[in-house]
Amino acid sequence: MKKVLFLLLLLGWVGVISAQSLKFEVRAGVDGVNMSSNNNGLYQYNNLNWQTQLIHNLTGYHAGVFANVNFNWFTIQPGISYIVKGGKNEVYYVSEGSANPYSYHGTEELMVDYLEIPLNFLINIPVNGEGKIFIGGGPYIDMGLKATDNNTLDQTNLTYSTETQNNMSPKFGTDLKNPSYGFNTLGGITFNYGFQLSVGYGVALTNLSTSSSADAKLRSFSISMGYCF
């Protein structure tokens, strides 16, 4: 799968070099990001049988440059972007089968900065001479630049309450897999004078964690503005 995605990206850039109809665009925007994971997350305690898990959205952002290789109604669009992804997971465990019931409450907030190399395949639909609607998607490769992980664990029973906090900087290759692979979908409108509005959704196919007991994948919903020239 990784070889196929890499080959597609390479073919996209070959198309840019040999293209007869070529335009460029800059694009930036905000992302609603989250992390789907099993009950262990990345760093939460593995010896607890978490009973409830909540996934929260965080705010990321992106900015990048793209090349549009145009074939009338069809466009091949390779690019390069700086993008921030991540998510927050919240887990609970409650024990009520003893004279001194207790509970655990854990949170984990991960943010990862990536250099993303996408390749989109877009279908273009003209809009009454005003511009075009485009829709499509394609694979991407994320090269990790830096990461932070802040997690807490609260333990409470009838007699005491404790809180443990850990602010960590996960290492690529040791704690987090790098690079990461995934798939983007994209849609929007480009006006004839160059202004563009778009929305997108990206799903990672790579388990971010290097641990065999954890399974974490990043997802992002984006809203962007851009300019084509």
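This is a predicted model: local features need pLDDT of at least 70, side-chain atom pairs count only at pLDDT 80 or more; totals for chains, interfaces and linings use all residues.
Reader: Which elements does the chain contain, and in what pattern do they follow along the sequence?

Author: Start with the elements and their order. The chain has one helix and ten strands. Along the sequence the pattern is α-β-β-β-β-β-β-β-β-β-β.

Reader: How much of the chain counts as buried?

Author: Of its 229 residues, 45% count as buried.

Reader: Which residues make up the largest nonpolar core?

Author: A core is read as a set of buried nonpolar residues joined through their side chains. Here the largest one has eleven residues: Met35, Leu42, Ile83, Leu110, Val112, Tyr114, Ala147, Leu176, Leu208, Ala216 and Leu218. Two elements, E5 and strand E10 (216-228), each give two or more residues to this core. E5 gives the most, with three residues.

Reader: How many aromatic pairs are there, and how is the geometry of one read?

Author: Two numbers are needed, the distance between ring centres and the angle between planes; an angle under 30 degrees is called stacked, and one over 60 edge-to-face. A search of the whole structure gives seven aromatic pairs. In one of them, Trp73 and Phe74, the ring centres are 5.7 Å apart and the planes stand at 55°, so this pair is tilted. Phe191 and Tyr193 have their centres 5.6 Å apart with planes at 5°, and therefore count as stacked.

Reader: Are the residues of these two pairs buried or exposed?

Author: Relative accessibility decides that, with exposed meaning over 50% and buried under 20%. Trp73 is exposed because its value is 53%, while Phe74, at 23%, is partly exposed.

Reader: Which residues do ring pairs link into a cluster?

Author: Trp73, Phe74 and Phe121 are linked in this way.

Reader: Where does the charged end of Arg27 sit?

Author: For a charge over a ring, look at the distance to the ring centre. The charged end of Arg27 sits over the ring of Phe66, 3.9 Å from the centre of that ring.

Reader: What is the volume of the largest pocket, and which residues are closest to its centre?

Author: A pocket is open, whereas a cavity is a space that the probe cannot leave. The largest pocket has a volume of about 360 Å³. It is lined by 21 residues, and those closest to its centre are Lys23, Lys132, Thr190, Phe191 and Cys228. Strands that each supply at least two lining residues include E1 (22-37), E6 (131-156) and E8 (180-191). E5 gives the most to this lining, with four residues. By class, the lining of the largest pocket has seven nonpolar, eleven polar and three charged residues.

Reader: How many cavities of 30 Å³ or more are there, and what lines the largest cavity?

Author: The count is three. The largest cavity has a volume of about 240 Å³. Of the 21 residues lining this cavity, Arg27, His62, Glu116, Asn184 and Ser222 lie nearest its centre. Among the elements supplying at least two residues each to its lining are strand E9 (195-204) and E10. This lining divides into seven nonpolar, eleven polar and three charged residues.

Reader: What lines the second largest cavity?

Author: This cavity holds about 50 Å³ of space. Its lining consists of Lys85, Tyr114, Tyr140, Asp142, Ser180, Ala204, Thr206, Leu208 and Leu218. Five of these residues are nonpolar, two polar and two charged. Tyr114, Leu208 and Leu218 also belong to the largest nonpolar core.

Technical notes: Residues are numbered from 1 along each chain as its sequence is written. Side-chain values use heavy atoms; hydrogens and water are left out. Rings of Phe, Tyr and Trp (its six-membered ring) pair if their centres lie within 6.5 Å; planes under 30 degrees apart count as stacked, over 60 as edge-to-face and the rest as tilted. Buried means under 20% relative accessible area, exposed over 50%, partly exposed in between (1.4 Å probe, protein chains only). A charge sits over a ring if NZ of Lys or CZ of Arg is within 6 Å of the ring centre and within 35 degrees of the ring normal. On a 1 Å grid over the protein atoms alone, a cavity is a set of points where a 1.4 Å probe fits but cannot get out, and a pocket is an open set with protein on both sides within 12 Å along at least five of seven lines; lining residues have an atom within 4 Å of a point. Grid points are joined across faces, edges and corners, and a volume is the space filled by probe spheres set on the points. Ala, Val, Leu, Ile, Met, Phe, Trp, Tyr, Cys and Pro count as nonpolar, Asp, Glu, Lys and Arg as charged, and the others, Gly among them, as polar. A nonpolar core is a set of buried Ala, Val, Leu, Ile, Met, Phe, Trp, Tyr and Cys residues joined through side-chain atoms within 4.5 Å.
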